[in-house]
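Subject: Structure handover

Hello,

Please find the structure below, followed by notes on what was found in it.

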Amino acid sequence: MSLKVYNSLTRQKEDFNPINPPYVGMYVCGPTVSGESHLGHARPFITFDVVYRYLMHLGYKVRYVRNITDAGHFEEEGRAAEDKISSKAILEKLEPMELVQKYTNLYHWAMSQFNNLPPSIEPTATGHIVEQIEMIKKIIADGYAYEANGSVYFNVEKYNTDFSKLGKPYGMLSGRNIDEQLDTTRELENQDEKRNRNDFALWKSAPPEHIMRWQSPWGEGFPGWHIECSAMSSKYLGQEFDIHGGGMDLQFPHHECEIAQSTVCNHKTPARYWLHNNMITIEGRKMGKSYNNVVKLTELFSGGSPVLTQAYSPMTVRFFILQSHYRGTLDFSNEALQASEKAFKRLWEAHEWFSKYMIVEQAGTDAALDQKVQALVAEFDVFMNDDFSTAKVLANMFDLVSIINSIKDKHIADTAISSNTLNLLQRQLKVYLEEVFGLVSERQGDGAQLDGVLQLLISIRKDAKSKRDFMTSDKIRNELAALGVQLKDEKDGGTSYTVA
Ligand SMILES: [Zn+2]
């Protein structure tokens with residue numbers, strides 16, 4: 001049973017065959033850190049966190065590269081080629097790198113709230129200016145880019161004439177043809193410098209007032225947005241790697257540009273499998289400044305958002321996202337999130353109760369029920385191997401929750417299901433919920449951590465006492481008391497504590 005993934009490049013599900021197993025290289029476009037993370041950031045990063053976790057669950061050794069765009073992303077609304085970081089830094093009266101740090105910290109905080117694992121490498125655009133310049137030089141030398149007034153543009157027409165046989169033509173990924181792009185491209189600035197409206201900037205000449213600028217063979221300027229991902233993915237994952245991921249909105253022009261740039265430099269399509277999560281909507285509408293419905297993650301967690309008015313925990317949001325297939329659209333609403341909150345609670349309570357359930361060795365008296373449980377559990381792998389169908393796994397889990405609750409409420413006899421099947425269920429629920437889906441108990445947090453630390457100290461103290469090392473045991477008790485934590489030795493040999 002092998003993993004199949006939907007490849008946006010070929011528009012079909014394909015067997016996942018990594019280039020150099022057991023190693024897998026995965027690149028996912030990270031955020032532009034010019035502002036606070038919003039709900040639109042939640043879906044791609046949770047989706048690819050689960051992809052990352054599942055690949056590791058299958059035994060692959062994954063190098064997961066996710067960049068930070070801290071330069072080069074142009075303002076979309078304005079016609080002037082203004083870097084988003086630059087313009088926001090002026091607005092907030094901060095040094096550009098101060099702004100970058102502020103929003104990178106907030107982004108990392110939000111990712112940890114979602115229990116997303118950190119990537120293996122998190123390179124920044126400003127840390128790779130040299131690599132980007134080298135790549136641009138190569139593209140110019142090969143004749144696929146030209147300089148105009150200190151800026152450099154990629155020649156899309158020439159690329160498509162020469163490379164349609166060699167590599168993937170520009171437009172293939174997003175399924176657009178060049179004529180359509182004429183009307184839809186938003187890169188309207190400096191049209192006079194471009195030979196063709198489809199051409200895109202690899203390097204931009206910096207006007208005197210532009211604060212973010214670097215030396216280059218074409219004068220002082222800053223890199224275009226697309227070139228950073230080509231430079232960083234090839235540096236850390238090689239000229240050809242396994243998975244490139246991101247939101248569907250990045251297919252055009254960002255990923256088209258990445259493919260064209262890398263194909264010119266390396267004569268190879270950079271990634272084998274292009275995975276894209278679909279977009280989110282909020283109460284049926286696209287999220288955007290113009291709709292006044294951008295939900296910042298800080299507001300979502302604390303309840304201050306103008307549209308999603310209640311506070312929703314990061315685990316509710318994570319669970320809600322996993323309840324849909326990543327390639328389908330996903331609509332956020334108060335009703336839907338409240339339903340998810342309840343469903344997650346029900347699932348997690350059953351999991352917590354059952355994970356502590358003492359399984360007694362037995363053959364099982366209800367063969368049909370036993371087989372049903374086995375079949376539901378076996379499908380976890382089947383569904384995940386079918387392009388990461390998390391929603392179907394969760395649907396099976398709810399069938400299993402009903403069975404678990406029936407055991408709990410004694411509607412099903414303790415003896416009905418064999419111990420082998422119960423052990424399998426206990427193990428797979430834990431593996432899938434915690435390791436693959438990355439869900440954690442809502443109760444975990446400061447309280448659970450403190451309890452863990454205190455239990456550790458209590459056990460160290462007990463060991464010390466048993467070795468008659470009273471200096472250590474007294475030290476633990478006295479210093480905890482000084483911090484307001486009173487230990488109390490119980491008659492049964494255990495130790496309890498109270499926190500002032
Ligand atoms: Zn990118």
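Phe 332 touches (heavy atoms within 4.5 Å) Leu 39, Ile 280, Thr 281, Ile 282, Glu 283, Leu 308, Val 317, Phe 320, Ile 321 and Leu 337, leaving aside residues up to four places away in sequence. This is a predicted model, in which local features need pLDDT of at least 70 and side-chain atom pairs pLDDT 80 or more, while totals for chains, interfaces and linings use all residues. Numbering starts from 1 along each chain as its sequence is written, and side-chain values use heavy atoms, with hydrogens and water left out.

A nonpolar core here is a set of buried Ala, Val, Leu, Ile, Met, Phe, Trp, Tyr and Cys residues joined through side-chain atoms within 4.5 Å; buried means under 20% relative accessible area (1.4 Å probe, protein chains only). The largest such core has 90 residues, and Leu 39, Phe 332, Met 397, Tyr 432 and Phe 437 touch the most other members. At least three residues come from each of domain 1 (4-277) and domain 2 (297-436); the bounds are from an automatic or database domain assignment. A second, separate core of 38 residues includes Met 232, Ile 259, Val 264 and Trp 274.

The domain assignment also gives domain 3 (446-499). The centres of domain 2 and domain 3, taken over C-alpha atoms, are 36 Å apart.

Regards

How values were computed: Buried means under 20% relative accessible area, exposed over 50%, partly exposed in between (1.4 Å probe, protein chains only).
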